[in-house]
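Subject: Structure handover

Hello,

Here is the structure for your files. My notes on it follow below.

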Amino acid sequence: MRGSRARWVLRPEQWPERDRQAWHLAQQTSGRLSQAGPAAALTVSTRKMMVEAYGTYLAWLAKNGELDSVAGPADRLTFERLAAFLEARRRTCSDNTVFNNLRMLKMALACMVPDQNWAWVCHHPAGPLRHEAQAARKKPLVFDPGHLMNVLCREMDALMQAPAGRDEAARFRDCLLVATATLTGLRRRNLLDMRLEQNLIRIASSWRIDFREAETKTRRAIAMAWPKPLLRYLVYYLDVARPLIVGAATTPSRYVFVTHGGTQVAHPTIATIFARTSTRLYGMRLHPHSVRYAEATTMQSHDPNGLSVTAAALGHHGTRTTDQFYDQGTTSVAQQVWLDLVKRLKPGSDGGSE
């Protein structure tokens, strides 16, 4: 068991033998004499959430003296046990957390025991309903992405005029990272995994962003032009700021967004970068997901009938995810933010008023 959740989560190496073996087979890739397991094609983050959910259930069984070391995954989950488990979880976690964990638990079991139908897990009467989970979610921050882009570009302009040092280069990187997320809607994993000549490709005087199906969460390829308002900032970053950050590293990585020595910006660090940069320049503590909320909300406010367009822009398979998690549009937001953004960033514009 681990961390502050020691009584709630069992890691895979702590699972009973049959559970460990079932999970191993579920993740197994295809070979000459074997087929790929049901979990093999899932992303690392999805498998991690599945492990978390199933490990939570096993830890609860262990705490209550019901973790039979001889039984297998198919025998562990019964209607009555799940009812008691959900009752305990809802006393300590939000309905949104329990709702999501329940779906991950169902997915884990479906991968480990694929010959059984586990759909009933998500429909257990003791679990939270969808509207209860939605009500328990934290409301996303509503902000003007056009204004955010305005202050980010002003900061990058100032840094481009100032004497260049490593600290200034790092601040420029942070601004460009937040600005890129705001204008592209890329997930943080793709932002940080973006590599030169692989995902960021120069074509004549412009650049393209390309990710293969296997590199995205939704298993759909991403192909887009680098945002024109950020083109000159990208050029400065690659020519001036990034080399300063890399320093004298002999074998720097090809990641676009790097830290000192040329190593990739760590995934947990992006939240710190967003919080630090947005608080200092914008006066609001933003998270990487905040800009995805803002993009969807703005597009929905500008065109309430364009749900499928919004879903495509955010890289969702269908409209349900966008409708369920992102559509927070209100009349107060419907102020043609994207039109204002384009106006503010037009060449020769003074950037608009603060």
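The structure holds 3 cavities of 30 Å³ or more, a cavity being a set of points on a 1 Å grid over the protein atoms alone where a 1.4 Å probe fits but cannot get out. H2, helix H4 (79-92) and helix H5 (95-112) each give two or more residues to its lining, with the largest share, 4 residues, coming from H5. Lining residues have an atom within 4 Å of a point; among them are Ala53, Thr56, Phe85 and Arg89. By class, the lining has 6 nonpolar, 2 polar and 1 charged residues (Ala, Val, Leu, Ile, Met, Phe, Trp, Tyr, Cys and Pro count as nonpolar, Asp, Glu, Lys and Arg as charged, the others, Gly among them, as polar).

This is a predicted model: local features need pLDDT of at least 70, side-chain atom pairs count only at pLDDT 80 or more, and totals for chains, interfaces and linings use all residues. Residues are numbered from 1 along each chain as its sequence is written, and side-chain values use heavy atoms, with hydrogens and water left out.

On H2 itself: its end C-alpha atoms are 28 Å apart, which agrees with the 28 Å that 20 residues (44-63) should span at 1.5 Å a residue (1.5 Å times one less than the number of residues). Helices here are DSSP runs of H or I, at least four residues, numbered from the N terminus. Of the 20 residues of H2, 14 are buried (under 20% relative accessible area, 1.4 Å probe, protein chains only). Gly65, with a positive phi near 70°, follows H2.

Regards

How values were computed. Buried means under 20% relative accessible area, exposed over 50%, partly exposed in between (1.4 Å probe, protein chains only). On a 1 Å grid over the protein atoms alone, a cavity is a set of points where a 1.4 Å probe fits but cannot get out, and a pocket is an open set with protein on both sides within 12 Å along at least five of seven lines; lining residues have an atom within 4 Å of a point. Grid points are joined across faces, edges and corners, and a volume is the space filled by probe spheres set on the points.
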